[in-house]
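Here is a friendly briefing to read alongside the model. It goes through the sheet, the helix packing and the pockets in turn.

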Amino acid sequence: MFVFTPESEKEIETILAKYPVKRSALLPLLHLAQDQAGYVTPEAMEEIGERLDVSPAYVESVATFYTMFHTKPVGENIILFCHNISCKLLGADDLLAYTANKLGIEVGGTTPDKKFTLLREECLAACCGGPMMRINETFHEFL
């Protein structure tokens, strides 16, 4: 069973009040659950589904559609390399491989100390600054 913190419960009330259709609050509730647990757990998906009157499968389909949500534990720092065509042509694959080697993990993996998770991202929306990566919420261009 997933239990939101009292602080999150207050925020949920505020969020739900903004939307005339409850299921419209799905993305903000997924963010809350991920912020609380570090990723969106199956139990959180169930709890969110109950609150929004949608199935846990529907919640999961949305959570897995967006790359900003994680459905398994991730490291403290998430490193995302853009691998869209512009970044790819400018050497993003080599940088990604180098980073994986330095961290001693495969792409998609997390370091044993849980400090870093290394991922590919389809597009980080900075094609003119490629190759680029994002570490948590900070973008790094012209790598």
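**Fold at a glance**

3 bridges join strand 1 (residues 77-82) to strand 3 (residues 133-135), and the two run antiparallel. The model is predicted, so local features need pLDDT of at least 70 and side-chain atom pairs count only at pLDDT 80 or more, while totals for chains, interfaces and linings use all residues. Residues are numbered from 1 along each chain as its sequence is written, and side-chain values use heavy atoms, with hydrogens and water left out.

**Overall layout**

- The protein has 6 helices and 4 strands; helices (H or I, at least four residues) and strands (E, at least two) are DSSP runs, numbered from the N terminus.
- Starting at the N terminus, the elements follow the order α-α-α-α-β-α-α-β-β-β.
- The C-alpha trace spans about 45 × 35 × 25 Å along its principal axes.

- The 4 strands form an open sheet with the order 2-1-3-4 and mixed pairing, where two strands pair if DSSP finds at least two bridges between them.
- Strand 2 (116-121) and strand 4 (138-140) are at the edges with a single partner strand each, so one side of each has no neighbour in the sheet.
- From one strand to the next, the twist averages 20°.
- Which residue of strand 3 is the bridge partner of Ile 79? That partner is Ile 135.

**Helix packing**

- Two packed helices are described by the angle between their axes and the distance between the axes.
- Helix 3 (residues 42-52) and helix 4 have axes that come within 8 Å and cross at roughly 115°; axes are lines fitted to C-alpha atoms, for helices over the stretch in contact, and angles run from 0 to 180 degrees between N-to-C directions.
- Met 45, Glu 46, Ile 48 and Gly 49 of helix 3 make the contact with Pro 56, Val 59 and Glu 60 of helix 4, contact meaning heavy atoms within 4.5 Å.
- That contact of helix 3 with helix 4 divides into 4 nonpolar, 1 polar and 2 charged residues (Ala, Val, Leu, Ile, Met, Phe, Trp, Tyr, Cys and Pro count as nonpolar, Asp, Glu, Lys and Arg as charged, and the others, Gly among them, as polar).
- Helix 2 and helix 3 pack at an angle of about 145°, and their axes are 10 Å apart.
- Here Leu 26, Leu 29, Leu 30 and Ala 33 in helix 2 meet Ala 44, Ile 48 and Leu 52 in helix 3.
- The contact of helix 2 with helix 3 has 7 nonpolar residues, with no polar and no charged ones.

**Pockets**

- The largest pocket holds about 340 Å³ of space; a pocket is an open set of points on a 1 Å grid over the protein atoms alone, where a 1.4 Å probe fits, with protein on both sides within 12 Å along at least five of seven lines, and lining residues have an atom within 4 Å of a point.
- A volume is the space filled by probe spheres set on the points, with grid points joined across faces, edges and corners.
- Gln 34, Met 68, His 70, Arg 134 and Glu 137 are the closest to the centre of the largest pocket, out of 16 lining residues.
- Helix 2 (26-37) gives the largest share of this lining, 3 residues.
- By class, the lining of the largest pocket has 4 nonpolar, 7 polar and 5 charged residues.
- The second largest pocket holds about 240 Å³.
- Its lining has 17 residues, with Thr 67, Phe 69, His 70, Lys 72 and Leu 119 nearest the centre.
- Strand 2 supplies the largest share of the lining of the second largest pocket, 4 residues.
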